[in-house]
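Try each task yourself before you read the solution.

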Amino acid sequence: MKRGTRRIETQLAVIGTGIAGFAASIFALQRGLDVAQFGHSGAMAYTTGYLDLLGVHDQRVRDDPWAALDELRLDEPKHPMSGVSNETIRTAFNGFTEALGDMGIGYSKAGDCNLSALLPNGIAKPTLSVPDTMLPGVVALETGAKTLVLDFDGLQGFSAKAFEVNFSERWSGLRSARMAFPGMENRQIFPEVLARSLETRATQEALADLIRPLLNGAEYVGLPAILGMHAPDAVRSKMEQAIGATLFEIPTIPPAVPGIRLRECFERAFPEKGVRLEPQLKVADVEFGTAGATLHLHGPMEDIVVEASAVLLATGRFLSGGLRSDQHSLSESLLDIPIRQPASREEWFRHEYLDPRGHPVNRLGVEVDSAFRPVIPDGDPVNERLFAAGAILSHQDWARQRCGAGLAIATAYGATEAAAAALG
């Protein structure tokens, strides 16, 4: 069968389907731009669902991320978030979470302080915004409320007992229990399977019937993140009414439901909003011309040629395929954008593996100017219509600084703002 060719024309082509890529499409839509987005499965399934802004600076956990950002601008002026004001970042966070709410996943509004968000191993992390299904867990921890945390026979990726033991000194009202999940007894089970099962009313009622006898005065009930894949807030509301206690989710180890839930939310909602989305196709080649760029993609049944007036690169780092390395150097995977880096690979790492400063390789990436345009070593833009956002950017260590979503959202906002200005 002869392969066909489909052609797409768009103002902005977003390359990448992680938080930065999806945030860029949201901000482009909010600015009235015509958007097409491309990528592959990426690393979305490896997220907790929490939206960190800046949780650690100067090797210290920070309660006030906005004050920490002010310090970051002084200490690390080349950090990608240093060029974006606090007011703009707050606007970006609120715009992003409001869009998520419109698409069916409620999130807490960005506040003045970080929240202590629960992790599956029984510790808390600083984050700015959490899904509404997880917010009651933050409150329960803060107040030490009587709480029952549950897991299920055969469940992979979460242990309620370990969660209880690790929080025991900090949370006196916490206890745990294990039960068989309705219809899945005596088998190995995974959170994604349970989440899809809980989208049915019969499973919701059966699980609620099993939980009620275990309450014994508990005001809150914590579950691994399994409250449905497409309408978690509605599932939570129905089950709370059936159980008679406040319900909350706890992320499991990745790949996990909160990230899969986000990805499926975007894939479901974006086409309805006018985004031409191809979430399972990688861009094979990009050619820049005087009026923009031509992107080439090769699908299983057809080729796609995209004519874009501007391009936003949000392909992430190694896990997502935005960066690659060999025995000698680090390189950008799609456009071969020059990366400023040490002459020797030996300088990528510090002598101690657990050095609290982290390793220099974690801060290598694509350098950009004040308009988030990738630049060559002399500082000139690679192309006036090429922009970049997210973890692919240099001068940041998002994992160590607890700023992954903040980096993605803030730089996506700045890059789309610059792209919109370039497009007039």
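**Exercise 1.** In the protein chain, what share of the contacts with a separation of 6 or more comes from residues 24 or more positions apart?

Solution. Keep in mind that this is a predicted model. Take the contacts with a separation of 6 or more, then pick those between residues 24 or more positions apart: they make up 67%.

**Exercise 2.** Compare the radius of gyration of the protein chain with that of a compact globule.

Solution. Start with the length, which is 424 residues. The globule rule is 2.2 Å times the number of residues to the power 0.38, so a compact globule of this length would come out near 22 Å. The protein chain has 22 Å, so the two agree. For the outline, the C-alpha atoms fill a box of roughly 70 × 55 × 40 Å along the principal axes. Now use the burial cut-off, under 20% relative accessible area: 54% of the 424 residues count as buried.

**Exercise 3.** Find the strand order of the open sheet of four strands, and its edges.

Solution. Reading across, you get S8-S7-S9-S10, paired in parallel. S8 (174-179) and S10 (246-250) each pair on one side only, so by that pairing they are the edge strands. On average, neighbouring strands are turned by 25° against each other, direction ignored. Next, zoom in on S7 (residues 147-152), which pairs with S8 over six bridges; Thr-147 sits opposite Leu-174 in S8.

**Exercise 4.** Which helix lies across S7, S9 and S10?

Solution. Look at residues 135-143: this is helix H4, and its direction is at about 100° to S10.

How values were computed:
Residues numbered from 1 in each chain as written. Predicted model: local features only at pLDDT ≥ 70, side-chain atom pairs only at ≥ 80, totals over all residues. Heavy atoms only, no water. Pairing = 2+ DSSP bridges. Helix = DSSP H or I, 4+ residues; strand = E, 2+ residues; numbered from the N terminus. Axes fitted to C-alpha atoms, helices over the stretch in contact; angles between N-to-C directions. Contact = heavy atoms within 4.5 Å. Buried < 20%, exposed > 50% of the residue type's maximum accessible area, 1.4 Å probe, protein only.
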